[in-house]
Amino acid sequence: MSHKVEMLNLLVQAGQMLSEQVSSQEVLRSNLGRAWVQQVGSALAAIGMERESALWQDARRLEVTLTSEEELSIYLMSMRAILLGMLHRAEAETVPTVHPG
């Protein structure tokens, strides 16, 4: 498994844990959601995924006010969906090409 694929898997898992294992009230109160979004951006930049980092930053630029559990769930799910798209692309890049013999 490539480091990109591993990193993206971890980020997706962290987002899933955030939405499933921490109460929405705690996420909103503690700023964990914003921290996760920032950490994803930092991780993408750190590994040199420039195109993905720019895409993530575009998604982050849309300021939203999250006041309910439903709003938070929708937001985190949407951000995880972006990461899943990046993961799909990274996995496709790591598949070895078979050349006919």
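The loop between α2 and α3 is where N31 sits, and its backbone stands out: phi is positive, about 75°, although N31 is not a glycine. N31 counts as partly exposed because its relative accessibility is 43%, between the 20% and 50% cut-offs. All of this comes from a predicted model, so treat the numbers as computed from that prediction.

**The chain as a whole**

- Going along the sequence, the pattern reads α-α-α-α-α.
- The C-alpha trace spans about 60 × 25 × 20 Å along its principal axes.
- Of the 101 residues in the chain, 30% are buried.
- Take the contacts with a separation of 6 or more: 67% of them are between residues 24 or more positions apart.

**Helix α5, residues 69–94**

- The end C-alpha atoms of α5 are 37 Å apart, and that agrees with the 38 Å its 26 residues should span at 1.5 Å a residue.
- The buried residues in α5 are L72, Y75, L76, M79, R80, L83, M86, L87 and A90.
- An α-helix has 3.6 residues a turn, so residues three or four places apart point the same way.
- What do the buried residues of α5 pack against? They pack against α1 (3–21), α2 (24–30), α3 (32–46) and α4 (50–61).

**How α3 meets α5**

- Two packed helices are described by the angle between their axes and the distance between the axes.
- For α3 and α5, the axes come within 12 Å and cross at roughly 15°. That makes α3 roughly parallel to α5, since the cut-off for that label is an angle under 35 degrees.
- The crossing of α3 past α5 is left-handed.
- On the α3 side, the residues involved are W36, V37, V40 and L44, and they meet Y75, L76, M79, R80, L83 and M86 of α5.
- Sorted by class, this contact of α3 with α5 has 9 nonpolar residues, no polar ones and 1 charged.

**How α4 meets α5**

- Here the axes of α4 and α5 are 11 Å apart, and the helices pack at an angle of about 170°. So α4 runs roughly antiparallel to α5, the label used for angles over 145 degrees.
- From α4, the contact takes in R51, E52, L55, W56, A59 and R60; from α5, it takes in M79, I82, L83, M86, R89 and E93.

**Helix α1**

- α1 has 19 residues and reaches 26 Å from its first C-alpha to its last, close to the 27 Å expected at 1.5 Å a residue.
- V5, M7, L8, L11, V12, G15 and L18 are the buried residues of α1.
- Those buried residues are covered by elements including α2, α3 and α5.

**Individual residues to look at**

- V40 lies in helix α3. V40 is buried, because its relative accessible area is 0%, against a cut-off of under 20%.
- Which residues does V40 touch, not counting those up to four places away in sequence? The answer is L11, W56 and L83.
- V40 and H88 are 48 residues apart in sequence, and their C-alpha atoms are 16 Å apart in space.
- R61 is part of helix α4, and with 57% relative accessibility R61 counts as exposed.
- Between R61 and V40, which are 21 residues apart along the chain, the C-alpha atoms are separated by 14 Å.
- S24 belongs to helix α2. Is S24 buried or exposed? S24 counts as buried, since its relative accessibility is 11%.
- Setting aside neighbours within four places in sequence, S24 is in contact with E69 and L72.

Methods
Residues are numbered from 1 along each chain as its sequence is written. This is a predicted model: local features need pLDDT of at least 70, side-chain atom pairs count only at pLDDT 80 or more; totals for chains, interfaces and linings use all residues. Side-chain values use heavy atoms; hydrogens and water are left out. Helices (H or I, at least four residues) and strands (E, at least two) are DSSP runs, numbered from the N terminus. The expected span of a helix is 1.5 Å times one less than its number of residues. Buried means under 20% relative accessible area, exposed over 50%, partly exposed in between (1.4 Å probe, protein chains only). Contact means heavy atoms within 4.5 Å. Axes are lines fitted to C-alpha atoms, for helices over the stretch in contact, and angles run from 0 to 180 degrees between N-to-C directions. Angles under 35 degrees count as roughly parallel, over 145 as roughly antiparallel, 65 to 115 as roughly perpendicular and the rest as oblique. A crossing is left-handed if the near helix is turned anticlockwise from the far one by less than a right angle, and right-handed if clockwise. Ala, Val, Leu, Ile, Met, Phe, Trp, Tyr, Cys and Pro count as nonpolar, Asp, Glu, Lys and Arg as charged, and the others, Gly among them, as polar.
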